Amino acid sequence: MAVEAAGRPRKTGGASPIQSLLWRRPWLRISLLLLPPLGWFVLIYLASLALLLVTAFWQINSFTTQIEQVWNLDNFRIILLDPTYRLIIGRTIAMAAAVTVTDALIAFPFAYYMARVASRRTQTLLFAAVLLPLWASYIARVYSWILILNHSGVLNWSLQSIGLPPANIGYTYVAMWIVFSYIWLPFMIIPTYAAMERVPESLMEAAADLGARRARAVRDVVLPLALPGVVAGSIFTFSLTLGDYITPILVGGAGSTFIGNVVYSNVGIANNVPFAAALATVPVAIMALYLIGAKRLGAFEAL
Amino acid sequence: MVTAEAGSGARFRLATAAAAAVIAVTACGSTGNNGGSTAAPPPTANMKPQTTIGPGEGQLNLIAWEGYTDTSWVKPFTAATGCKVNAKFGGSSDEMVTLMAGGGGGQWDMVSASGDADLRLIYGGDVRPMNPDLIPDFGDFQTFFKTPPYNTINGVHYGISLQWGPNVLLYNTKKFPIKPTSWNVLYDQANKGLITVPDNPIQIADAALYLMSTQPNLGIKDPYELTQKQFDAAVALLRQQRPLVKKYWALAGDEIQLFQNGDVQVGAAWPYQTNTLRAGKNGRDFADTIPAEGATGWGDTWMLATNAPHPNCAYMWTKWVSTPLVQAEQALFFGETPVNVKACAQMEKLQAGSCAQYHADAPGSYFDTIKFWKTPIATCADGSRNCIPYSQWQTAWTSITS
């Protein structure tokens, strides 16, 4: 190779020694290319995760709140044994699951229509409609829900103007469930749509040839093939709900403490970083299990 | 902006004797192992405060309560001194302590700390002594606020008192046409779903204050010094209250919104919320009161960070907020009481009758009726170590509210 390269007539301004070295050694090229992002990933991302894990085994001085590097398992013991934290973890997981199921139920027919029924033009419009809310600030969208759901909000006003009793769902679990489902819906629709679009029309025709009606074909052909897309979307909706703490603060009522809120208040208010770190490992562990399950269902091929 | 959810923060003390022994040896100062012994002097006790105010540094970074850095007195300050004020709101005393501890590298200059944060800041070494001789108005302060126990230790001033005020009962006058006379409205089943209280562990003291008059046999003398039995009674009361609460509010603005939208009708508040609500839409629907059981209250202090990068601007600021006019302006804006007795006349000029309304002319005995916030520590007034320290207040608060 090197001989061939040397034998070629030289062009003016030809390859510099570095260029030719990189050309001759493809592995070097790839290493150099990957070094910055990999280095970033290892240093910034993995190192901070490792630090998080290490900190979880320390403690603080309860009066001055300074970290004391005394190795112990007390933080984890409290999380496992104190009913308060079991309640908070259970509540967070239940909400994440409820939001995920809700979003899947809404996203499936929507994505089906988008991918398989709508015209090209409608499809573009629907796409824009799904993505449009993501351009607006998260806080603004949550606050707009407060304006809808609170006592003198649009919802109660509308109900009362048609003679129905007010639905006082502001500052409740229901409010949080609605807002979470709304906020994360696009993250479910897009992967479901992508999976649905990949189902070949010929399979649907084959199903029809074999006598299946449309509903049967959707159930037996589209659903299994689109499932990895739904599971991929559920990774987003589940993990995003699991880690969120802003919606519970703004929309939640009494007893709306989530894992994220306890982590936040331990870092920002109580200055107990070790305990926050220990608690933060809980969603990491839950997501690890979730991802293993999702991989089995083929979610990563659908991303 | 996203606000801190104050108070649900839990801090945990480890119970193991081994760990405690290690801490006792390694703890800085000798703040002890369960948050309370304050036998050793604060870490910054020997730092000599400056004796003159040099030229301003052009910047001033403050951690302040919402409403403490209103443009009406910040703008003239910047115009006069060239110190540009950058303020961050602290949602709770706990958050302020955390911000100051995290800013040890010199990010912050001053904090408008309340009495329940002061001892933690002082013994944490986050604030340093200040020189009251550089504050000309200091001589005109109410005697109590020259050396209140929460900011003055062994005669060393760790900050200059600013304002004080009571925690009031805020209510909707449509729901309560007759002014409530007891805090029991916050514990009453009849008001289920209409109540809001601050998301702050120091709320336990409010329950204790209520128990002082409703269950005198508990023998509570000071709502911040509770034995295990008294503490348990207060926590039990708050657990009963929990299903009645619509929302634990984190920032004053949250509570104002809750009242304005009719989501809640009664709650524990600061006079600031009342003033804001009364100035807004349907202002006459809102009023506040100090019920018969008395009230907890706060005494706030501007404290100087140990590594303050702009100490001269900090002193200029303290001088400025201690002057009678600014004291009066802030008092009326926030609904609190100035520590400078000369502010009374200024208040009357700005709003007739306000001096008496806010007790700015109160005699010394009045201060005994307000139970000022202070950090609960393990050492009780009688010197025994049976009292419940603040870290346990936080833990209990998390389990009550979640």
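This is a predicted model: local features need pLDDT of at least 70, side-chain atom pairs count only at pLDDT 80 or more; totals for chains, interfaces and linings use all residues.
## Domains of the two chains

In chain A, the domain assignment gives domain 1, covering residues 2–55, and domain 2, covering residues 78–302. The C-alpha centres of domain 1 of chain A and domain 2 of chain A lie 40 Å apart.

In chain B, the assignment gives domain 1 as 17–164 + 299–359 and domain 2 as 166–296 + 378–401, and the centres of these domains of chain B, taken over C-alpha atoms, are separated by 25 Å. The contact between them takes 13 residues from domain 1 of chain B and 17 residues from domain 2 of chain B. On the side of domain 1 of chain B that touches domain 2 of chain B, there are one nonpolar, nine polar and three charged residues.

## An open sheet in chain B

Strands of a sheet pair through backbone hydrogen bonds, and they may do so in a parallel or an antiparallel way. In chain B, five strands form an open sheet with mixed pairing, in the order E10-E9-E11-E8-E12. Strand E10 (245–249) and strand E12 (286–289) of chain B each have a single partner strand, so one side of each is left without a neighbour in the sheet. On average, neighbouring strands of this sheet are turned by 25 degrees against each other, when direction is ignored.

## Pairing and packing

Strand E8 (residues 168–172) of chain B pairs with E12(B) in the antiparallel sense over four bridges, and Asn172(B) has Phe286(B), in E12(B), as its bridge partner. Helix H8 (residues 252–260) of chain B packs on the sheet, where it touches E8, E9, E10, E11 and E12 of chain B, and the direction of helix H8 of chain B makes about 150 degrees with that of E10(B).

How values were computed: Residues are numbered from 1 along each chain as its sequence is written. Chains are lettered from A and ligands numbered from 1 in the order in which they are written. Domain bounds come from an automatic or database domain assignment. Two residues are in contact if their C-beta atoms, placed from the backbone, lie within 7 Å. Ala, Val, Leu, Ile, Met, Phe, Trp, Tyr, Cys and Pro count as nonpolar, Asp, Glu, Lys and Arg as charged, and the others, Gly among them, as polar. Two strands pair if DSSP finds at least two bridges between them. Helices (H or I, at least four residues) and strands (E, at least two) are DSSP runs, numbered from the N terminus. Axes are lines fitted to C-alpha atoms, for helices over the stretch in contact, and angles run from 0 to 180 degrees between N-to-C directions.
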